[in-house]
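Keep the structure open as you read.

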Amino acid sequence: MHLPRQLGPLHDLPDTPAAYDAVLADVTEQALARLTPEGNLEHPDCVDDIGDTSLGITSLLAFAWQRTKDDRLPEAVRRSLAFHLRERVYTDDNPGYPNLTLRNSGLPYARYTLAAGAHPIGDWPSTVWALLQAVNLLDAADGLVDDVQRAELLDVAHGYWRWLTEATFFNPQEAGNQAIGCVVGGLMLARHLPSAEGESVRARAIELYVEKIRAHRVADRGALLPPEHGGAYDNNYGPISLSFLAQAHRISGEEIFAQDGDALARYIDARLTNGGFDNGGPRYSEQHSAFESVLGLRYFGARIGADLGRYRADSRWARHAVKADGGVDGHFAWMLVWQIQDTTRWHREASTAPARHQLRAGTVSVAFDDRMTPAVVEAAGTYHLAAAVNRQHGFGPVVDGFLLCRPMGEVRVRDLRTDGLTAKLVTKPAVGRDHVLRHVRSLYVTDGTSLWMTVAVERLPGTPYLLAGMPYAADDGDRVRRTADAEVVAAGELRLTHPESQGIDHFDARSEQTQEQAAFALAADPRGYGNPDEGWLHLVSSTALEAEPVPDAPEDLHVFAVRYGPGGEFTPTFEHGAEGLTVRTEAFTAVIGDPAGDAQGEPELTLRA
């Protein structure tokens, strides 16, 4: 069984001018064959997200005409534009739309679905999308449409902007990608308006970004991020927000968009595994965007010097939106235009700068969450998620059913690279049910092929073990397949356990259910509206790797040692002396300083191959 949407890395898609010309040629032939006598270019199966789609195809045809001067296109552009202006511009309030601040404004907007009152909640983003299609078409309109039609399109586009910013609440779904997209629409529209009016729209767009988006950023893993549907980040919509930030910077030159894009890009680089797998977010836990993310990942990957193109995408949408039959859909068409216009090339080498929330070398990576607990461990092409025990999630020592991974105080981190090894030491104060403060020291070392994890903590009562993750998925060519197995060994006894109870709050990695499906089943609201990250927090138990303590550890400590990935015999030794805990494995010798650390309390670490 494969995960349905995480397919090939985005940077594997050819992005030469010839490749893009071939994409536009295919769109052209599909559109000309589909064009109805009325001028409609919508896919016959399109129901939702429909309000901008015909205009999106029109904008692609106009862009193609700029590049090819195909004499079949001007008439198709004019007819399809006339259709949108005549049939898809609404000025009467949609019955039931809850986010109006001005009723009966008469301003134009686009509908998420065409039937009045059928699904009005999506009208705000649909109008943003229609505005973006319109300004893209305005950019390509010279010599293609007459002055009357162009003036009518400009009037509608300006009306869309006013409806979004005057007649409704701004960003009513708390979706960063939609809100930044609206700002981009204003910035692009401003260039087509008379100078004074255009400057007013431009200033308003930047003001909205500063006051309504930037001022409400959410902190996660050391970064401030545009909130996405109420969460800090969504692994589908987050890279789309990055694309909007890239276009905002390209259009306006305003440094604020570059700064915020750099921050979001570094965050994505830190949370993204070496193999491009990622999961999590308030809407789409495992779904991935594709062409919608190319511009942002490519543009900001080059700016920060990171290989963001490793992001695994839904290659069914590799070039543009498609329906189930593979036919082109105009939804999000502007992103294809922008990525063709931008000449940035993929940065293909990994960033060498240490990142607090990431350890990465070769084919190994660890992405850490906000508490510096691993969120995803990748080794030997297998991805391990945080396991669950008694409603507690993470990696760490478990004593009497209590998981010691939630910090009670400052978490200290020390990064080190030497002798072909990359290491990170995390020192975390934690309190157990006995109210005793203990210092959990977790050492992660990789040679780029395997990952060694050593966890040391003051002697625990009872019969502790290390919760060492849940094997969940593995690379399989361009696909990611489900798995419940992994190449893992431990210095103590290692066991792979599965939930004894059944039900949606017990996740067995051997089942055909995906993490995304389980997370949405546990969410409070329906799929597409509920927060799967919050739902997943209700998970009681899961498949888990459990490692017993090292049998010959120093008397005052419990030590756990696990190796993820290939290797020979694994028989590490441990010695506790004046300098700290000395760890000797087949690949390295490390000395982990005592919890007091150096003069500033920072953890001390030495390492040699």
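A nonpolar core here means a set of buried Ala, Val, Leu, Ile, Met, Phe, Trp, Tyr and Cys residues joined through side-chain atoms within 4.5 Å. Buried is under 20% relative accessible area, exposed is over 50%, and partly exposed is in between (1.4 Å probe, protein chains only). The model is predicted, so to speak of local features pLDDT must be at least 70, side-chain atom pairs count only at pLDDT 80 or more, and totals for chains, interfaces and linings use all residues. Residues are numbered from 1 along each chain as its sequence is written, and side-chain values use heavy atoms, with hydrogens and water left out.

**The cores**

The largest nonpolar core has 110 residues, and Trp163, Phe244 and Trp338 touch the most other members. Its top contributor is helix H4 (residues 123–139), with 10 residues; helices (H or I, at least four residues) and strands (E, at least two) are DSSP runs, numbered from the N terminus. There is also a second, separate core of 32 residues, with Val364, Val488, Ala547 and Tyr564 among them. In soluble globular proteins, nonpolar side chains tend to be buried together.

What does Trp163 contact, leaving aside its neighbours within four places in sequence? Counting heavy atoms within 4.5 Å as contact, its partners include Tyr97, Leu100, Pro108, Tyr109, Trp124 and Thr168.

On a 1 Å grid over the protein atoms alone, a cavity is a set of points where a 1.4 Å probe fits but cannot get out, while a pocket is an open set with protein on both sides within 12 Å along at least five of seven lines; lining residues have an atom within 4 Å of a point. Grid points are joined across faces, edges and corners, and a volume is the space filled by probe spheres set on the points. For the linings, Ala, Val, Leu, Ile, Met, Phe, Trp, Tyr, Cys and Pro count as nonpolar, Asp, Glu, Lys and Arg as charged, and the others, Gly among them, as polar.

| Space | Volume | Lining by class |
|---|---|---|
| Largest pocket | about 1300 Å³ | 17 nonpolar, 18 polar, 13 charged residues |
| Second largest pocket | about 910 Å³ | 12 nonpolar, 11 polar, 11 charged residues |
| Largest cavity | about 80 Å³ | 10 nonpolar, 3 polar, 1 charged residues |

Among the 48 residues lining the largest pocket, Asp49, Tyr112, Tyr237, Arg283 and Tyr284 lie nearest its centre. H4 supplies at least two residues of that lining, as does helix H13 (532–536). H13 also gives at least two residues to the lining of the second largest pocket, where Arg221, Asp369, Ala375, Asp533 and Leu537 lie nearest the centre.

The structure holds 4 cavities of 30 Å³ or more. In the largest, the lining residues closest to the centre are Phe395, Lys428, Val440, Ser442 and Tyr444. Strand S13 (437–446) gives the largest share of that lining, 3 residues.

**The strands**

Two strands pair if DSSP finds at least two bridges between them. Five strands form an open antiparallel sheet in the order S10-S9-S15-S22-S19. S10 (402–403) and S19 (494–497) stand at the edges, each with a single partner strand, so one side of each is left without a neighbour in the sheet. Within it, S9 and S15 (residues 465–467) pair over 3 bridges, with Gly396 opposite Leu467.

Elsewhere, S26 (residues 589–592) and S27 pair in the antiparallel sense over 4 bridges, and Thr589 stands opposite Arg608.
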